[in-house]
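Please examine the sequence and the structure shown below. The report that follows describes the fold as a whole and then turns to some of its parts.

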Amino acid sequence: PAPAPVPTTLDAETLWRQDRDHFVHPFTDFSVFHDKGCELITDAEGIHVQDIHGNRFIDGIAGLWCVNVGHGRAEIGQAMAEQATRMAYFSTFNNLSNAPATRLAAKLAELAPAHLNHVFYSCGGSTANDATIRLVHYYFNRLGKPNKKRILSRHNAYHGTTYLAASLTGIESNNWEFDTLDGLVTHLSEANLYRRPEGMDEAQYCDHLVAELEATIAEIGADNIAAFIAEPIMGAGGVLVAPRGYHARMQEVLRAHDILYIADEVVTGFGRLGHIFASEAVFDTQPDVINLAKGLSSGYAPLGATLISDRLYEVLGTPQGKGGVLSTGFTYSGHPVSCAAALKNIEILEREELCANVREVGPYLEQALATLSRHPTVGDVRGSHFMMCIENVADKDTKALFPVDARVGDRVAFEAQQRGLIIRPVGHLNVISPPLIWTRDTVDEAVAILDEALAATAESLRRDGYL
Ligand code: PMP
């Protein structure tokens with residue numbers, strides 16, 4: 001799009017310099033950043049965002065899989081402003097409380113599967129997962145099973161970056177040159193249909209993964225395992241949709257061994273797959289815990305939540321042992337302004353029937369993206385509804401990857417952005433996770449841009465000798 005006039009209220013160059021000199025960005029490659037600096041996003045409305053130079057883009061990633069209701073919702077801003085003006089913050093420790101946190105807890109209990117009626121608040125996804133593991137350990141300690149400590153996670157899982165959440169995370173490159181906790185987590189194989197062992201059909205692959213779980217439990221001993229944590233669809237690890245029946249069968253095995261099932265619905269929650277919660281509606285599981293963040297407040301304010309089953313709450317929430325003090329929580333657990341944002345966000349999701357929109361437009365998006373498979377570098381197009389991914393490969397037959405220095409994901413994202421669409425590069429992958437207000441027309445526009453971007457990428461890879 002033709003650049004609009006540069007806004008006069010923000011000094012683009014000063015900000016660019018200040019950012020480069022002082023802002024340590026998360027998940028940033030400094031070999032590129034020092035030269036390139038930041039891209040300042042200054043405005044956002046509906047499905048669009050705009051940078052400081054006035055360039056307007058379609059948001060293909062909902063901020064960071066979180067702005068589910070779309071940008072510029074004045075009514076969320078108003079709800080936050082009203083709460084901040086009336087009572088911006090007060091403690092929720094002990095018996096102190098605030099109305100938005102209370103209302104939101106009741107609303108979440110109403111929306112969640114029937115057995116999940118209790119909410120522990122945190123500040124985002126990492127802290128929700130971190131708090132959950134502490135609560136799960138506490139639960140088994142109270143039950144007199146202090147050896148049940150080990151957590152089963154999966155390779156390529158993403159659960160956050162606090163020390164504990166990073167230890168749950170199974171994306172190797174995320175932990176390069178970082179440390180993780182020793183002896184706490186065992187990573188099982190990820191469920192990756194595209195790269196499953198040669199010769200297995202989907203059902204056999206599912207059997208294979210369930211058998212691995214059974215073998216792992218036999219090896220470690222169920223008495224030493226507290227919980228299994230899984231994203232219903234793995235997100236940052238490559239939008240990996242498990243084989244049919246996988247989650248329910250995993251849960252069956254876990255139940256038989258008294259191992260808790262934690263669903264990390266930080267991305268899948270609040271409509272991305274067409275339902276407020278995917279666990280029960282899409283995957284036929286009844287997790288003991290569901291963790292939420294992102295779409296819970298659509299990113300308008302930081303917020304995380306752990307939904308706890310009645311069975312767990314009976315043990316966590318009753319006085320026993322050393323006096324019944326649940327000594328964990330954050331200053332901002334149940335922050336009133338964040339909870340006010342979440343309540344308004346949920347009101348919008350329900351009023352505008354955005355889950356129904358995702359159920360209607362999602363399959364259309366899946367089909368439209370599938371047409372991109374004709375490009376020579378597109379090895380796989382996968383995902384479900386508004387959680388999609390393109391896997392770029394150097395050779396479709398062997399599924400061989402481009403060398404890392406080809407930066408193929410960056411190339412595709414760059415070419416798309418040049419044409420007015422922001423998607424997310426993750427290594428050799430490109431993620432598309434739009435706000436839930438995308439229509440069929442938006443899909444058409446975005447996929448036309450991606451079509452051109454992939455053609456331009458192939459050309460640039462050829463020019464540089466990678467293809
Ligand atoms: N769990 C999942 C599945 C996530 O995708 C993320 C963030 N992308 C997190 C947890 C961590 O959330 P946060 O960045 O809010 O700490």
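## Overall fold and selected details

Of the contacts in the chain with a separation of 6 or more, 72% are between residues 24 or more positions apart; two residues are in contact if their C-beta atoms, placed from the backbone, lie within 7 Å. This is a predicted model, in which local features need pLDDT of at least 70, side-chain atom pairs count only at pLDDT 80 or more, and totals for chains, interfaces and linings use all residues. Residues are numbered from 1 along each chain as its sequence is written.

The chain contains 15 helices and 15 strands. Helices (H or I, at least four residues) and strands (E, at least two) are DSSP runs, numbered from the N terminus. Along the principal axes, the C-alpha atoms of the chain fill a box of roughly 65 × 60 × 45 Å.

Of the 467 residues, 47% are buried. A residue is buried if 20 or more other C-beta atoms lie within 10 Å of its own, exposed if 12 or fewer, and partly exposed in between, with C-beta atoms placed from the backbone.

Two strands pair if DSSP finds at least two bridges between them. Strands S2 (residues 48–51) and S3 (residues 56–59) run antiparallel and are joined by 3 bridges. Val49 has Phe57 in S3 as its bridge partner.

The buried residues of helix H14 include Val408, Val412 and Glu415. Among the elements that cover the buried residues of H14 are S12, S13 and helix H15 (440–463).

| Residue | Phi |
|---|---|
| Val239 | near 45 degrees |
| Lys399 | near 65 degrees |
| Gly420 | near 100 degrees |

Val239 lies in the loop between strand S7 (225–230) and helix H9 (246–256), and is buried, with 26 other C-beta atoms within 10 Å. Lys399 is found in the loop between strand S12 (387–392) and helix H14 (408–418); with 13 C-beta neighbours inside 10 Å, Lys399 is partly exposed. Gly420 follows H14.
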